[in-house]
Amino acid sequence: MSLTKDIESLLPHRKPFLFVDEIVSADEKGSVCEHTFTPDEFFFKGHFPQYPVVPGVILVETMAQCGGAALSYQKTFAEGSLFFLATVDKVKFRNQVRPGDKVRVEVTNLRVSPKMIKQAGKAYVGETLCAEAEWMCLVGAAN
């Protein structure tokens with residue numbers, strides 16, 4: 001069951017740099033989102049042509065987008081708020097994500113305030129943990 005697939009109403013990101021397909025669950029503690037990396041993603045042409053793998057930085061971005069989309073869905077911040085990555089910590093890449101893989105991102109809200117978000121996330125393909133990280137975003141407005 002999905003809470004929403006209307007991610008473009010929640011994040012300013014657009015294809016080819018939108019990495020959330022749907023929000024599966026969300027509450028004050030955290031969220032679960034999903035994204036399928038299709039074979040036509042822009043980065044697969046160069047990373048790596050003979051053995052395409054989702055870049056680690058894209059997995060971190062995917063986790064952060066999932067956390068931001070879920071908070072937007074819950075109307076935690078004013079409409080139109082933007083989230084700017086400020087720090088990324090404790091990053092570990094544990095398994096490769098390949099074309100066609102559906103990634104499930106589980107995000108934990110560590111601290112949410114009007115101007116700052118601190119979250120932790122884990123990205124899975126099936127039951128296999130592929131990446132994990134903590135990040136902080138500053139909350140701003142587009143003006």
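Predicted model: local features only at pLDDT ≥ 70, side-chain atom pairs only at ≥ 80, totals over all residues.
Residues are numbered from 1 along each chain as its sequence is written, and side-chain values use heavy atoms, with hydrogens and water left out.

The protein has one helix and six strands (DSSP runs numbered from the N terminus, with H or I over at least four residues for helices and E over at least two for strands). The order of elements from the N terminus is β-β-α-β-β-β-β. The radius of gyration of the protein, taken over C-alpha atoms, is 14 Å, close to the 15 Å that the globule rule gives for 143 residues, so the protein is as compact as a globular protein of that length. The rule in question is 2.2 Å times the number of residues to the power 0.38. The C-alpha trace spans about 45 × 30 × 25 Å along its principal axes.

The six strands form an open sheet with antiparallel pairing and the order 1-2-4-5-6-3, where two strands pair if DSSP finds at least two bridges between them. Strand 1 (22-26) and strand 3 are the edge strands, each of which pairs on one side only. On average, neighbouring strands of the sheet are turned by 25° against each other, direction ignored. Helix 1 (residues 56-73) packs on this sheet and touches strand 1, strand 2 (30-36), strand 3, strand 4, strand 5 and strand 6 (128-141); contact here means heavy atoms within 4.5 Å. The direction of helix 1 makes about 135° with that of strand 3 (axes are lines fitted to C-alpha atoms, for helices over the stretch in contact, and angles run from 0 to 180 degrees between N-to-C directions).

Four bridges pair strand 1 with strand 2 in the antiparallel sense, and a hairpin of three residues joins the two strands. Glu-22 stands opposite Glu-34 in strand 2. Strand 2 also pairs with strand 4, antiparallel, over seven bridges; Val-32 has Glu-106 in strand 4 as its bridge partner. Strand 4 (residues 102-113) and strand 5 (residues 116-125) run antiparallel and are joined by 10 bridges, with a hairpin of two residues between them. In this pair, Val-103 is partnered by Val-125 of strand 5, and Asn-109 by Gln-119 of strand 5.

Backbone geometry in the loops was also examined. The peptide bond from His-47 to Phe-48 is cis, with omega near -5°, and Phe-48 is placed in the loop between strand 2 and helix 1. In the loop between helix 1 and strand 3 lies Lys-75, a residue other than glycine with a positive phi, near 60°. Most residues other than glycine have a negative phi, and most peptide bonds are trans.

The largest pocket holds about 250 Å³ of space. A pocket is an open set of points, on a 1 Å grid over the protein atoms alone, where a 1.4 Å probe fits, with protein on both sides within 12 Å along at least five of seven lines; lining residues have an atom within 4 Å of a point. Grid points are joined across faces, edges and corners, and the volume is the space filled by probe spheres set on the points. The lining comprises 13 residues, of which Ser-9, Leu-10, Ser-72, Glu-79 and Gly-80 lie nearest the centre of the pocket. Strand 3 (residues 81-93) gives the most to this lining, with three residues. By class, the lining residues are seven nonpolar, four polar and two charged (Ala, Val, Leu, Ile, Met, Phe, Trp, Tyr, Cys and Pro count as nonpolar, Asp, Glu, Lys and Arg as charged, and the others, Gly among them, as polar).
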